[in-house]
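Colleague: I would like to learn how to read a few features of this structure with you. Could we take them one by one?

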Amino acid sequence: MKKLFSIVVSLLLVVCLVVPASAETTGYVFDDANVLESEDIAELNQRLSLISSSYNFETYFITGNEQDGKEIKDHLNAACDTYKLGKDDTTKTIILYLSISDDDYMIRTINQEDKVFTNAGLTYIINKIGEEFSAKNYYAVAWKYANMCDGFLDYAQREGTPYEEDTLPEYSAFFMPCVGNQIPHKRILPYFIDEADLVGSYSESELNQKLEKLSKEYQCDIAIVTVDSLGSRTPVEYADDYFDYNGFGYDTTQDGVALIIGMENRDWHITTTGAAIHTFTDYGITYIGDQFVSYLSDGQYADGFNEFADQCASFLSYEDSTGKVYDTNNKVKTPASLEDILKDIGIALIIGLIIGLVLVSRLKAQLKSVRFQPDANNYLRPGSMVLTNQQDLFLYTNVTKTARQSESSGGGSSTHSSSSGSSHGGGGGHF
Amino acid sequence: MSELLEYKCPSCGGAIEFDTASQQMKCPYCRTEFAVESVKQYDEALKQQQGENIQWNSQAAEFISADESGMRSYRCQSCGGEVIGDETMAASSCPYCGNPIVVIEQFAGMLKPDVVIPFKLDKEAAKTALRNHYNGKRLLPKFFKSENHLDEIRGIYVPFGLFNADANANIDYRCTKVRTWSDSRYNYTETSYYSALRAGSLAFDNIPVDGSEKMPDDLMESIEPYNYKDAVDFQTAYLSGFLADKYDVGAEESIPRANNRIRTSAAEVFRSTVTGYTTVTPTTTNVQTTSTEVHYALLPVWILNTSWKDKKYMFAMNGQTGKFVGDLPCDKGLWWRWFGIYSGIASVIAYLIVHFFFN
């Protein structure tokens, strides 16, 4: 008996060990096409799981690579059968199916009587993940899908009505999660996003390429996003959250710097993470702000963003080459503008003229020796001075005090924690 | 009736003069020196000798007329030449024979000087001092030194009133003591206000005030001070060889000037007794002066008149101490050149400092 018992237990153990290892399928993510890494899958699963349970609406993500010549619809049906999805009449379900072999993808909803996802809504979602799909960035596809589902479900829950054709928002509505605070460990959005439509499409793609190139070069994500409204968040919160929840922070180093533009109140804010907190000190942020804000104020947004990118690159390059960062005790050396030089010369000239005048007047005074004697000190009879009355009377006292200037900050970077718990630096202003 | 006085050398009979170097009477002809007293006695003896031929009496200079300009003419008893002098001139030299003459009448019935400080320095010393006066004056026009033409050099005894006065002062001051300290949050300034009173008296002796109207007062004050130790009782003998001016500024006119100087000195002296404060400001100054004595003195001054490029310059040297004064012209070109040089260097240094320390 004992022997039999131990054999059964060990068999069970083996099964338990082997079975999970072979099947790359968990809960809500079925990566049959093997395009995602296990880390990605676990992460996405956590996200979709939370969404599903929060809204009572099962959200699935499936990838397939069936090479049998059938249509994508058939492939999806097959997958649903395999995983027993939508087999009852009550479970509300949404599935995003990526067919790698067909180079196509589709979304199916099941049992949603009070529609959360209208046709317009589904079309919207399809459109928003098109680019990432074409770029084969399936990780980003999955995350964006998850975020949009979250957003749609949240809206339907709050407003009691789904997104319709005319109420569909800009994608910026889906930047931040509505449930949970999970941070994707890889970037899911492009470096440059222009939701507020401040630059033309040519500049947009140019900036995107530039930021991507610089981010790779310095191993630090440099991102820019423009939105119409920051919603209920302050610029600091928005910048931090945008950065965190969209997976910014360079791959290996998790360093990053991002610029957020909120047009509603004309806010700009820069957020930093990782080593970039040290690179971009409070002084540095203020300095960079001074460089590009005037462009923004003048409406020359493309120039302003280019300036921001260039400045970030210059700061990072400076640190790479010298190991030092720009701070209050090591200010950025601008070549003296003509104005500055002229001002210096002007001051020096005035001082020089005054000193010259004083010295030459002394020379001139040498020439004059005839003057009235103002006093008769030479004729004072020595010892004749008699003080008959000497009185020193105290009248009153007056004390004034002035507040001392607080010592100017010694530089460095001030940091704070964002809603996701990560540490950020940065600063901002208006334009 | 004015009289001109000439002293004769006991040795050779020539006209004897007062010599500054030796402080005695010296004959320029035979170079013998005599004490002033001796000459005087000899002179008196001489007069007695002459008998009815007392030259003194017959030497009464002919008085021609006193016209409005105050000029008078005298006849030199040595050569008979006529000497013109203005009213205040008391001693002069005959331009013809060079004999020194002393006009006695200036002193008769008028203010006779109590003391005189005899000349210690001679004409050569004055000329040398003039040349030295040019040295080290960077803005002096280049050719002034060489082209400046000495028109006239005169040794004059200038009449001064020497005033003794007592001054009573009563001065109020407003004073403050300021204390500052700080703690971590504030800088504090404590100002304590005081009222200080000082009253007392001072005495002044021998404040000189120029008694000659035509002698510029500021010029005379510039060559102060004189050392009264050398003052001697007045003897007309000292005057020979030099000119002397007469008093035409009365004591009443002079006193205000003396009082001004007294006031300034009193204010300074009393101010120096107010110590221990951060700031001191006099609020009421009250100085009363009472003149106690006046002495009249003749003080030695060398006056040099020069001209250069049609401009006249007047220099004065204290005949006792050698202090030399006189305003010199300023070369505008040099002024600008030195201004440029100093400004240029200062500007460059200022620019370097501004550039390297403030950027």
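Modeller: Gladly! Helices (H or I, at least four residues) and strands (E, at least two) are DSSP runs, numbered from the N terminus. Asp310(B), for example, sits in the loop between strand S14 (279-308) and strand S15 (311-318) of chain B. This is a predicted model, where local features need pLDDT of at least 70, side-chain atom pairs count only at pLDDT 80 or more, and totals for chains, interfaces and linings use all residues. Residues are numbered from 1 along each chain as its sequence is written, chains are lettered from A and ligands numbered from 1 in the order in which they are written, and side-chain values use heavy atoms, with hydrogens and water left out.

Colleague: Where is Lys84(A) placed?

Modeller: Lys84(A) lies in the loop between helix H3 (72-83) and strand S4 (93-99) of chain A. Lys84(A), not a glycine, also has a positive phi, of about 55°, and is exposed with a relative accessible area of 64%.

Colleague: Which residues touch the most other members of the largest nonpolar core?

Modeller: A nonpolar core is a set of buried Ala, Val, Leu, Ile, Met, Phe, Trp, Tyr and Cys residues joined through side-chain atoms within 4.5 Å. The largest one here has 108 residues, and Phe61(A), Phe117(A), Phe175(A), Tyr242(A), Phe305(A) and Phe308(A) touch the most other members. Helix H6 (residues 138-159) of chain A gives the most to this core, 14 residues. Apart from this core lies another, of 43 residues, including Leu363(A) and Phe315(B).

Colleague: And what is Phe305(A) in contact with?

Modeller: Contact means heavy atoms within 4.5 Å. Leaving aside neighbours within four places in sequence, the partners of Phe305(A) include Phe192(A), Leu207(A) and Ile261(A).

Colleague: Which residue stands opposite Ile261(A)?

Modeller: Two strands pair if DSSP finds at least two bridges between them. Ile261(A) stands opposite Trp268(A) in S9(A). Strand S8 (residues 256-262) and strand S9 (residues 267-273) of chain A pair in the antiparallel sense over seven bridges. They belong to an open sheet of six strands with mixed pairing, in the order S6-S7-S8-S9-S12-S11 (chain A).

Terms used: Buried < 20%, exposed > 50% of the residue type's maximum accessible area, 1.4 Å probe, protein only.
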